[in-house]
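Subject: Structure handover and what was found in it

Dear colleague,

Please find below the sequence and the structure that I am handing over to you. My notes on what was found follow directly after.

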Amino acid sequence: MSLVRKPGGTFILLDSYAPETSDREELMALTEGGALIEAVLNVHPFHTIHCQAMQDMLPHARLIGTRRHHEQAPELDWDPHFIEDEATQRQFSDILDFSIPSGVDFISDDDSVHVGSVIVRHRESRIVHADDTLMVIDLPSLVQKVVPGPQLRFHPKLADGLEKRAGAADDYIRWARDMARDWADTAAVCAAHSGIIYCDEKSFPEAIDKALEHAACTLDDHRKTYG
């Protein structure tokens, strides 16, 4: 979960999470007991567990999710707009940039395939918030002697997430490179479940290129099968 301060002093939360006592206290202290939090943007269709807790904690805030969030938890007071829609994203375009990968299923039929999501970049801080689509892998210490530091990777089930059609692998590569170019000055990537990577020794485009290199066999195999 990321907390974003808007220029006027209010806040937006990226993703739902039930913070433990110390984190909750810090969050509430920063936001006047949560009153300054305007909206919660749930950007990964398969991350739904903590949405109830977030609405209980911030009943006044807009709870925005994907179509799957509405299907999985229809009892919650969802905002009618879906975060994967450009019209919804434009409501926050004064401070946030959004990117959705091409060539993959945004909502897979297989609940274990979490390849698709909405990736968010806070323009002022140049920090990217990513759920599963981008992951940070902290390599073992022995490996870091050859390949230093944590590495940016795509979701390990990319092969299952790619659309079963010709051109999907190339569309995915094109999306990744376009995002890297558009967000070339990114300072850090915060990845759900895994960690944070700082783009100091290696730029964001370089990190994306390495991630594509690591996924090359998966993408080549898909191209051989589907074209």
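How many Å come between the axes of H7 and H9, and at what angle do they cross? The axes come within 8 Å and cross at roughly 145 degrees, where an axis is a line fitted to C-alpha atoms, for helices over the stretch in contact, and angles run from 0 to 180 degrees between N-to-C directions. The names follow DSSP runs, numbered from the N terminus, with helices (H or I) of at least four residues and strands (E) of at least two.

Before going further, please keep in mind that this is a predicted model, in which local features need pLDDT of at least 70 and side-chain atom pairs count only at pLDDT 80 or more, while totals for chains, interfaces and linings use all residues. Residues are numbered from 1 along each chain as its sequence is written, and side-chain values use heavy atoms, with hydrogens and water left out.

To return to the pair of helices, the contact is made on the H7 side by Ala 168, Ala 169, Asp 170, Tyr 172 and Ile 173, and on the H9 side by Leu 219, His 222 and Arg 223, contact meaning heavy atoms within 4.5 Å. Sorted by class, the contact of H7 with H9 has five nonpolar, one polar and two charged residues; here Ala, Val, Leu, Ile, Met, Phe, Trp, Tyr, Cys and Pro count as nonpolar, Asp, Glu, Lys and Arg as charged, and the others, Gly among them, as polar.

Helix H8 covers residues 204-214, and its residues Phe 204, Ala 207, Ile 208, Ala 211 and Leu 212 are buried, which means under 20% relative accessible area, whereas exposed means over 50% and partly exposed lies in between (1.4 Å probe, protein chains only). What covers them includes helix H7 (168-182) and helix H9 (216-226), together with the strands S9 (134-137), S10 (151-154) and S11 (188-191).

Salt bridges

The count comes to 16 salt bridges, a salt bridge being a side-chain nitrogen of Lys or Arg within 4 Å of a carboxyl oxygen of Asp or Glu. One of them is formed by the side chains of Asp 97 and Arg 121 (3.9 Å, N to O). Asp 97 lies in strand S6 and Arg 121 in strand S7, so this pair ties together parts that are 24 residues apart in sequence, and both residues are buried.

Another salt bridge joins Asp 171 to Arg 165, with the closest N and O atoms 2.8 Å apart. Asp 171 is partly exposed at a relative accessible area of 21%, and Arg 165 is partly exposed at 31%.

In helix H9, Asp 220 and Arg 223 are three residues apart and therefore separated by about one helical turn, and their side chains meet in a salt bridge (2.8 Å, N to O). Asp 220 counts as partly exposed at 35% relative accessibility, and Arg 223 is partly exposed with a relative accessible area of 27%. Elsewhere, salt bridges that share partners join Asp 97, Arg 121, Arg 123 and Asp 185 into one network.

Two histidines and two loop residues

His 114 is found in the loop between strand S6 (96-99) and strand S7 (119-122), and is buried with a relative accessible area of 18%. The side chain of His 114 makes a polar contact of 3.2 Å with the side chain of Asp 132; a polar contact is a pair of N or O atoms within 3.5 Å, where within protein one must be able to donate a hydrogen and the other to accept it, and residues adjacent in sequence count only if both atoms are side-chain atoms. Asp 132 itself lies in the loop between S8 and S9, counts as buried at 3% relative accessibility, and has a positive phi of about 75 degrees although it is not a glycine.

His 129 lies in strand S8 (residues 127-130) and is buried, with a relative accessible area of 6%. The side chain of His 129 is joined by a polar contact of 2.7 Å to the side chain of Ser 2, and by a polar contact of 2.7 Å to that of Asp 15.

Finally, Arg 126, in the loop between S7 and S8, has a positive phi of about 65 degrees although it is not a glycine.

With kind regards
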